[in-house]
Amino acid sequence: MRSARFVLCALLITGAAVLSPTTASSTSSAPSAPRSAFALSSTAFANGGVIPKVHECTSGGGSDPAKRNESPPLAWSGAPGGAKSYAIVMRDLDNANLIHWVIYDIPPSTTSLPQNVDHTYQPSTPAGARQVYYRGSASLYGYQGPCSPSTVNTYEFVVHALNRASLTNLNSSSSTQTAARTIAAATIGSARITGES
């Protein structure tokens, strides 16, 4: 009986010695935590919610002083690791996807835009970014807010992570359509939110 116990103990020790390297290697190769999804948000409105009047255009025929044509604050997270810059494109989905805003060459270290980005080709914030000239209900660089006084339209904001640090083929006279096509060609990932106005 004693010899049987000895043989059993010897087998268990040998088995443990053989299995331990396998156990150690499987522990060291455990998968890392999954990366969070690329997401865009705004503190001004929830996804699918109502865009506040301060972000509506000033050229829609009304005289409401609350309409100040200020771009909404935007923030993003979980972008692809290879992002070399960002761009944002805003469209009116209920008006033939009319482009209301294009801002690009946003530095890769930037993860948000403040409210009311300057209406200039090269805004002060974020430094290095450029905006496309909007030709339509207004003529200005940068953001043109919702302009649908008689209907409620859906506006889409999309942040694009790009594989280029600068879209050097665009300039101060580039159209919104040309800019949107250039951005789409360089996109390695995107995130979106919508708002109603």
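Is Asp-64 buried, partly exposed or exposed, and what is its relative accessible area? In this predicted model, Asp-64 is partly exposed, with a relative accessible area of 28%, a value that lies between the limits of 20% for buried and 50% for exposed residues. Asp-64 forms a salt bridge with Lys-53, for which the closest N and O atoms are 3.6 Å apart. Both residues are located in the loop between strand 2 (49–50) and strand 3 (74–77), so the pair ties together parts that are eleven residues apart in sequence. Lys-53 is likewise partly exposed, its relative accessible area being 40%.

Side chains of opposite charge can pair when their charged atoms come close, and the count of salt bridges in this model comes to five. Among them is the bridge between Arg-130 and Asp-105, where the closest N and O atoms are 2.9 Å apart. This pair links distant parts of the chain, with Arg-130 in strand 7 and Asp-105 in strand 5, 25 residues apart. Arg-130 counts as buried at 11% relative accessibility, and Asp-105 counts as buried at 7%. A further salt bridge joins Glu-70 to Arg-68, with the closest N and O atoms 3.3 Å apart; here Glu-70 is buried, with a relative accessible area of 12%, whereas Arg-68 is partly exposed, with a relative accessible area of 48%.

A search of the whole structure finds five aromatic pairs. One of them is formed by Tyr-121 and Tyr-141, whose ring centres are 5.7 Å apart and whose planes stand at 50°, so the pair is tilted. The pair links distant parts of the chain, given that Tyr-121 is in the loop between strand 6 (112–113) and strand 7 (130–131) while Tyr-141 is in strand 9 (residues 139–141), 20 residues apart. Tyr-121, which counts as buried at 18% relative accessibility, also belongs with Tyr-133 and Tyr-141 to one aromatic cluster.

In helix 2 (residues 176–186), the buried residues are Thr-176, Ala-179, Ala-180, Thr-182, Ile-183 and Ala-186. Seen down the axis of helix 2, these buried residues fall within an arc of 165°, so they line one face of the helix. The cover over the buried residues includes strand 4 (85–92), strand 5 (98–106), strand 8 (133–135), strand 10 (154–162) and strand 11 (187–196). The face of helix 2 that is turned away from its buried side carries the exposed residues Arg-181, Ala-184 and Ala-185.

Conventions
Residues are numbered from 1 along each chain as its sequence is written. This is a predicted model: local features need pLDDT of at least 70, side-chain atom pairs count only at pLDDT 80 or more; totals for chains, interfaces and linings use all residues. Side-chain values use heavy atoms; hydrogens and water are left out. Buried means under 20% relative accessible area, exposed over 50%, partly exposed in between (1.4 Å probe, protein chains only). Helices (H or I, at least four residues) and strands (E, at least two) are DSSP runs, numbered from the N terminus. The arc is that of the directions from the helix axis to the C-beta atoms. Contact means heavy atoms within 4.5 Å. Rings of Phe, Tyr and Trp (its six-membered ring) pair if their centres lie within 6.5 Å; planes under 30 degrees apart count as stacked, over 60 as edge-to-face and the rest as tilted. A salt bridge is a side-chain nitrogen of Lys or Arg within 4 Å of a carboxyl oxygen of Asp or Glu.
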